[in-house]
Amino acid sequence: MQRACSKKFLILQTKTPLLQKSATIHNASNFQPCPTIADQDPWTSLRAALAEAFQAKPNGYALVQLVRACTSQACDFCGHQLHSYILRSGFASDVFVGTAMISFYTKTESLDNARKVFDEMPQPSLVSWNSLISGHVQCGQFRKALSLFIQLDGSENLVDAYSLSAVLGASGHLGWLPMGQSIHSKVVKLGVEENTFVANCLIDMYGKCESFEEAVKVFNGMVGKDTISWNSVIAACARSGRLEEASRYLRQMPRPDTISYNELINGCAQFGEIEDAVEILSKMESPNSSSWNAVITGYVDRDEAWKALSFFFRMHSCDVGMDQFTFSSVLSGVAGLSTLTWGLLIHCCTIKCGLDTSTVVGSALIDMYSKCGQVNYAELIFQPLPKKNLVCWNAMISGLAHNGKTVEVVHLFEKLKTVKDEEPDSITFLNVLLSCSNNQVPLETSMQYFRSMMEDYGIKPTIEHCCTMIRLMGQRGDVYAGKRLIHEMGFSSSGSVWRALLGACGTCRDLKLAKVAAAKVIELGAADDYVHVTISNILASHGKWRDVREVRELMRKKGVRKETGYSWLIGMEN
C-alpha cells in the first residue's frame, strides 16, 4: 500500500533535503513573492485617505467610516494610526467612533485593546456591548463572552436578539446546557423565540449540548424554517448519534445543500458505519473538502490511520481542494502511527498549499513531530507561528513533557502565563504535572502547580490530575498523602485513582496501603491482571512467598494472565 501511495504523491515531493532541518522545509515550498505595496491598491488608497483626512480634521461620522475601512481591509497599521488620532482629537468618548474601534480590534483579535476602548466610553450603547461580546465569541473566548453578557444584563441596556444569539453560540461551544437553557428562558421572556435567527441558534446550542429532544422541539415549533434551520436540526440529530432521524429530516428537507449531506456524513463517520459515510459522499453532486474531512477524521478516530491516509491520497487524486482541517486530521493519524516519513511528506504538502503557518495545521505538526520523537522539529514549527492559540501552546508543552524536557516545559509554561488573552487550562496543567512525575522535580514544586491550578485559575481537578499527583507522591515516598488527596478531591468512587494509588504503593513497597487500594479497585469493578500482578510483586518484595503463591493460584483459577510486555521500535530516517 505504501508503494502505491508513494506513486500517487510523487508530484508533491521536493528534492530539497526536507528531512534535515525545518529551515529547508520552507525553502522547498516555492512560495510566490509577497505582493508589493504598489499591488495593494486598497491599502495604498486607505493610507492616502487617512493622510488627507488628518489634514481636514474629520468629524465623528468620517472617523467611523475610516475605521470601518481599516476593518474591512484588515489594515492593522492604519487602524492603530487612526486610533491615535481619535485619542488626540478628543473623539474617544464618542459612542459611535468607540463602537467602530471595538469592532476593529475584535476583528484583529486584540481583545485587550477592544476592552480598553469599551471601558473608556462614558455610556456604551447596546451595539457597543454586542460588538464586544460577539468579538469574544469569534475569538473563542466563550467564558469571557458569557461574563460580559451577564454584565450587560445587569446594566441599563436591554439585551436584544443579537446579544442572545451570540451567547447561545458561546454556550453551545462550551457545552453548558444549564446556561443555554437560562438564555432560552430570556429569549421567551423577551418574545423573540419566533425570530428565525435566534431559533436557529437555539437548535444549534441544544445540538452541541447533546440535548437532541430540545433541539427538535424548537425546530418543530418554528413557523418560518430556512436552510440553516434544517441543517441545524440534521446536525443536532447526527451529533447525538440519531442517524435515522437525521436521514429522515434530510429526506424531508425542501432543498438540501452540501452542508446538509456533510452533517449526515459526519454523523455516520462518528457513530455509524463509516462505509455508509463513504457511500453518501460518492453519491453527492458536489462534495467539498468538509465531506472528505469527515471521513478522514472518522477513520482516525477509529484508530484506522492507514485507511485515513489512503482516503487522503484518494482525495488528492480526485483534485479536491485540501484545507487546514484536512491536514490536521491526517497529521493526527500519522502522529498515532509515529511514521515520521509520512509526516514529513504531508508537511511538504502543507507548505505547497500555503497552510503550514495556519494555527490549526501548526498545532497538528507540533503534535506529530513530538509523537515521532522529533521534539526539536516541533519547536522549529512552534516558534515562528504567527498566531498561537492555547491548542498550540498545549501541543508544544505536551510534546516537551512526553519527551522528558522538564526544564523546557516549565520555561514555556511560565511564558504562556505572560501571553495576553491566553491562560493555562486543565490540559496545560496536566502536562506540567506529567512532566514533573517523569523527572525528579521536588514534590512541593509539583504541589505548587496543583494548588495554582485551583486557586489562581479556578480549574477543578479531574481524575487524570489526581492520578498524576498520586504517582508523584508515590515516587517521593508519600503514598498516604495520595490517599488523603483522593478523599479531599471527592474521587473515592473512582477505580482509576485507587489503581493509581496501588501503583504508587508498588513503587514504595507499602503492603498495608496496597491491600486497601487493591480492595477498593476490586470493589469498584476496575480489577484486571494489573491488580493481581502488583499485589504479587509487593508481597514478593516483602518475602511473603506463601501469599504470592496464593495470589498466583487465584489468578490461575480466574483465568487472569499477566499481559506480555513488548517494545515498539520505530526506524526513522534522518
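What pLDDT does the chain average, and what percentage of the residues score at least 70?

Modeller: The model is a predicted one. Its chain has an average pLDDT of 85, and 87% of the residues reach a score of at least 70. Two stretches call for caution. Residues 1–40 have a pLDDT below 50, and the model gives this stretch 55 contacts beyond near neighbours in sequence. Residues 566–574 likewise stay under 50 in pLDDT, with 13 contacts beyond four places in sequence.

Helix α22 covers residues 359–371 and helix α24 covers residues 390–402; the two pack at an angle of about 5 degrees, and their axes lie 9 Å apart. Because angles under 35 degrees count as roughly parallel, α22 and α24 are roughly parallel to each other. On the α22 side the contact is formed by Thr359, Ser363, Ile366 and Ser370, while α24 contributes Val391, Cys392, Ala395, Met396 and Gly399. Sorted by class, the contact of α22 with α24 comprises five nonpolar and four polar residues, with no charged residues.

The second pair is α9 and α11. Helix α9 (residues 142–153) packs against helix α11 (residues 177–190) at an angle of about 30 degrees, with 13 Å between their axes. The angle therefore makes α9 roughly parallel to α11. The crossing of these two helices, α9 and α11, is left-handed. From α9, the residues Leu146, Phe149, Ile150 and Asp153 meet Met179, Ile183 and Lys186 of α11. By class, the contact of α9 with α11 holds five nonpolar residues, two charged residues and no polar ones.

Ser536 is located in helix α32, which spans residues 529–541. Its relative accessibility is 2%, and Ser536 therefore counts as buried, the cut-off for that class being under 20%. Apart from neighbours within four places in sequence, Ser536 is in contact with Val548, Val551 and Arg552. For one of these, Val551, the C-alpha atom is separated from that of Ser536 by 6.3 Å, although the two residues are 15 residues apart along the chain.

Notes:
Residues are numbered from 1 along each chain as its sequence is written. This is a predicted model: local features need pLDDT of at least 70, side-chain atom pairs count only at pLDDT 80 or more; totals for chains, interfaces and linings use all residues. Side-chain values use heavy atoms; hydrogens and water are left out. Axes are lines fitted to C-alpha atoms, for helices over the stretch in contact, and angles run from 0 to 180 degrees between N-to-C directions. Helices (H or I, at least four residues) and strands (E, at least two) are DSSP runs, numbered from the N terminus. Angles under 35 degrees count as roughly parallel, over 145 as roughly antiparallel, 65 to 115 as roughly perpendicular and the rest as oblique. Contact means heavy atoms within 4.5 Å. Ala, Val, Leu, Ile, Met, Phe, Trp, Tyr, Cys and Pro count as nonpolar, Asp, Glu, Lys and Arg as charged, and the others, Gly among them, as polar. A crossing is left-handed if the near helix is turned anticlockwise from the far one by less than a right angle, and right-handed if clockwise. pLDDT is the predictor's confidence in each residue, from 0 to 100. Buried means under 20% relative accessible area, exposed over 50%, partly exposed in between (1.4 Å probe, protein chains only).
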